[in-house]
Amino acid sequence: MLLVAGFLCCTNVAVADKATFAGGCFWCMESDFEKVEGVTDVISGFTGGTVDNPTYEGDHTGHYEAVEITYDPDKVSYEQLLEYYWVSIDPFDAKGQFCDKGHSYLSAIFVANENERALAETSRKRVVSQFPGKTVVTPILDASTFYPIKGKESYHQDYYKNNPIRYKFYRYSCGRDQRLKEIWGDKARH
């Protein structure tokens, strides 16, 4: 209910939250998270670096390839997104993800507030306890400006939908699903 000029009115304001995750190739992250019920949008882009307006073909020094996920918290919780995130990445690879190596392909969880940080830390501890003897290298970082891929590089948005054959070939040849299955078994997402 909303009080307007002394009258109570009903509103149909949609509630949406955002989460930002890096997990290597943003094409794959976008594809995986768009399958989650309650996720309403997934945008590919860059975050975490200091360069303003990073581009894929240009300077994106210090940035991570990441996705910004818009979701309905009445349908999917941040905790559920974190669970889905972990089984969509290799949390042990300190050089990148799957066949993509380098800083921009590293995994990371970007948190916007202390509540998200606490939930992310708890989820990370669960992963650490599942794999004694292995080092989970995925950090939890403060959220910073998210730069969506745009302009002449906007072909990266929805790449998996617009180029399904190339995307499937890339994903398979990169070994993403095979490695996820090796780590997570039947929990692996693809």
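Predicted model: local features only at pLDDT ≥ 70, side-chain atom pairs only at ≥ 80, totals over all residues.
Started with the charges: I count 21 positive and 27 negative side chains in the protein chain, with the centres of the two sets 6 Å apart.

**Overall build**

Next I looked up the secondary structure, and the protein chain comes to 6 helices and 10 strands.

How much of the chain is buried? I get 46% of the 190 residues. For the accessible surface I have about 10,200 Å², and carbon and sulfur atoms own 53% of that. Then contacts: taking those between residues at least 6 apart in sequence, 72% join residues at least 24 apart.

**Cysteines**

I went looking for disulfides and found 1 in the structure. Which cysteines does it join? Cysteine 99 and cysteine 174, with S to S at 2.0 Å. I checked where the two ends sit: cysteine 99 is in the loop between strand E6 (96-97) and strand E7 (100-101), while cysteine 174 is in helix H5 (residues 164-174), so the bond ties together parts 75 residues apart in sequence.

Left-handed or right-handed? The torsion about the S-S bond is about -105 degrees, so I noted the disulfide as left-handed. Accessibility of the two ends: cysteine 99 has 40% and counts as partly exposed, whereas cysteine 174 has 10% and counts as buried.

Then I turned to cysteine 25, which is in no disulfide; its nearest cysteine sulfur belongs to cysteine 28, 3.8 Å away. I looked up burial for both: cysteine 25 is buried at a relative accessible area of 5%, and cysteine 28 is buried at 1%.

**Threonine 20**

I picked out threonine 20, which is in strand E3 (residues 17-23). Buried or exposed? Its relative accessibility is 12%, so it counts as buried, the limit being under 20%. What does threonine 20 touch, leaving out residues up to four places away in sequence? My list reads Thr47, Ala66, Val67, Glu68, Ile109, Phe110 and Phe146.

**Positive phi**

Last, backbone angles. Most residues other than glycine have a negative phi. Phenylalanine 98 has phi near 60 degrees. Phenylalanine 98 is in the loop between E6 and E7, the loop that also holds cysteine 99. I put phenylalanine 98 down as buried, at 10% relative accessibility.

Aspartate 158 is the other entry, with a phi of about 55 degrees, and it is not a glycine. Where is aspartate 158? I find it in the loop between strand E10 (147-148) and helix H4 (159-162). Aspartate 158 has a relative accessible area of 25%, so I wrote it down as partly exposed.

Methods: Residues numbered from 1 in each chain as written. Heavy atoms only, no water. Helix = DSSP H or I, 4+ residues; strand = E, 2+ residues; numbered from the N terminus. Buried < 20%, exposed > 50% of the residue type's maximum accessible area, 1.4 Å probe, protein only. Contact = heavy atoms within 4.5 Å. Areas by Shrake-Rupley, 256 points an atom, 1.4 Å probe, with all protein chains shown as cover. Lys, Arg positive; Asp, Glu negative; His and termini not counted. Charge placed at Lys NZ, Arg CZ, Asp CG, Glu CD. Disulfide = S-S within 2.5 Å.
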